[in-house]
Amino acid sequence: MSRMSQRWVSHFLLTVLLFLCRYASAVKLHKPRSEVLSLLGEQEGRLYFGNCEQSSEQSPCVFAIDESYNQEPTQCAVTSLEGKPWWMGVLETPAYITKITLLNIDQLYRSHPDALRAVTIMAGDDVCFRYESDESFVKRSFPCDTVADQIVIRSRMDSAALTLCDVTVYGAPIRFRGVVDDAGPLRVQSCQQSSVSGNGYCENAFDGDANSNHNARPCAVTIDEATPWMSARLEIPSLVTEIKIFNRADCCGDGLNQFLLTLDNRVCADYEGATFESKSFSCLYFGSRLRIKSKKNRAISVCEMQVLGYPMELPRDAKFKALGCYKDNHKDRDLGQLTSSILMSHEKCYSICKRLGLKYFGVQGGAHCWGGSTYGKHGKVDEKKCSIPCEDNEKQRCGGSIFNNIFEVL
């Protein structure tokens, strides 16, 4: 690559990082924490906020990030008494986030229902933790293995005041290692769509064939409905530079003359124009979730979507071995420790159980992660018993209703 091209890439990366400081982004890595920190060349440390906002203001949001740790109400971020109050902070730089610690107001000063008794902790688009309890906490830490630049604390209570005396985030800043080539094609891991017309599955939009005749080679097609959409998740979180869309040419192309094209909920294109056969859109953002959503009540057809950019360098594959499908028992658990029940995948369960020092882990019911030092007390069963897709990776299987896919941590 020429020196001019190298200077352009450096300028592009700087531009993207500046965008990242302004707009929310999140990417779940589902890799062992030690490996991610090693990749980033960093140790786990405190991350700092650049700015914040909240749903309403009795006391300013900045009191949650001023490092004073004072639990008096005049020194904490406080919302009004309202439905589902929230607080949001933007980090100084995108980062791999490992943990979020919340400091609540002193109970002596609490005069309204505590919004933190039912709260969702988010990093960008991704849920780190859903907490619910009948009792308030003073200080609590929540795990969050996610790449993001925005933290959202959102209460699920219909009438409460959100009080935050401190929000502390731990992790390591992202580093992008030497981009030496021009932007290349990015691979898609999975896709979804609001509906399917005939054989118009979303996978058809990412099969490498840009033929625009649906009858000759199926495109991804929805039915006529209110604001239909298609989405895709990139195989690796990436710096995206360009998205090229190939429309259907044999008919129905007007479904793509009014739509939003987004990457992790940031708008790459708000298109309203003439029907096109193919069109490229610039998108200088970092993320992993692409979405095209029509503004019309009309079917959309995408014959091919090509995404160009620079993939983020990630740790190698998680180190674990599949042992098979095993029966469980509600009264006598095969693996004794339930470690998580949120947006599960094999990699996420492995990451959690490895940190806890557990030799074996199992995924169950599509969402639950169990860990333990022994396994198999109720016997091995046919793999067909473990057929429920994982909530966060539908290509993987996460056990059955009372069956575990069990793995060994190597």
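A residue counts as buried when its relative accessible area is under 20%. In this predicted model, cysteine 325 has a relative accessible area of 0% and is therefore buried.

**Overall architecture**

The protein chain contains three helices and 26 strands. Of its 410 residues, 50% count as buried. The chain exposes about 18600 Å², of which carbon and sulfur atoms supply 47%. Among contacts between residues at least 6 apart in sequence, 76% join residues at least 24 apart.

**Disulfides**

The structure holds ten disulfides, including those in the table.

| Cysteine pair | S to S distance | Torsion about the S-S bond |
|---|---|---|
| cysteine 251 and cysteine 252 | 2.3 Å | -65° |
| cysteine 325 and cysteine 386 | 2.0 Å | about 80° |
| cysteine 390 and cysteine 398 | 1.9 Å | about 95° |

The disulfide of cysteine 325 and cysteine 386 is right-handed, because its torsion is about 80°. This pair links distant parts of the chain, 61 residues apart: cysteine 325 lies in strand β19 (residues 320–327), and cysteine 386 in the loop between β23 (380–381) and β24 (389–390). Cysteine 386 is likewise buried, with a relative accessible area of 4%.

The link of cysteine 251 and cysteine 252 is left-handed. Cysteine 251 counts as partly exposed at 31% relative accessibility, and cysteine 252 counts as partly exposed at 29%.

For cysteine 390 and cysteine 398, the torsion of about 95° makes the disulfide right-handed. Both cysteine 390 and cysteine 398 are buried. Cysteine 353, by contrast, is in no disulfide; the nearest cysteine sulfur, that of cysteine 369, is 3.7 Å away. Cysteine 353 is buried, with a relative accessible area of 0%.

How values were computed. Residues numbered from 1 in each chain as written. Predicted model: local features only at pLDDT ≥ 70, side-chain atom pairs only at ≥ 80, totals over all residues. Heavy atoms only, no water. Helix = DSSP H or I, 4+ residues; strand = E, 2+ residues; numbered from the N terminus. Buried < 20%, exposed > 50% of the residue type's maximum accessible area, 1.4 Å probe, protein only. Contact = heavy atoms within 4.5 Å. Areas by Shrake-Rupley, 256 points an atom, 1.4 Å probe, with all protein chains shown as cover. Disulfide = S-S within 2.5 Å.
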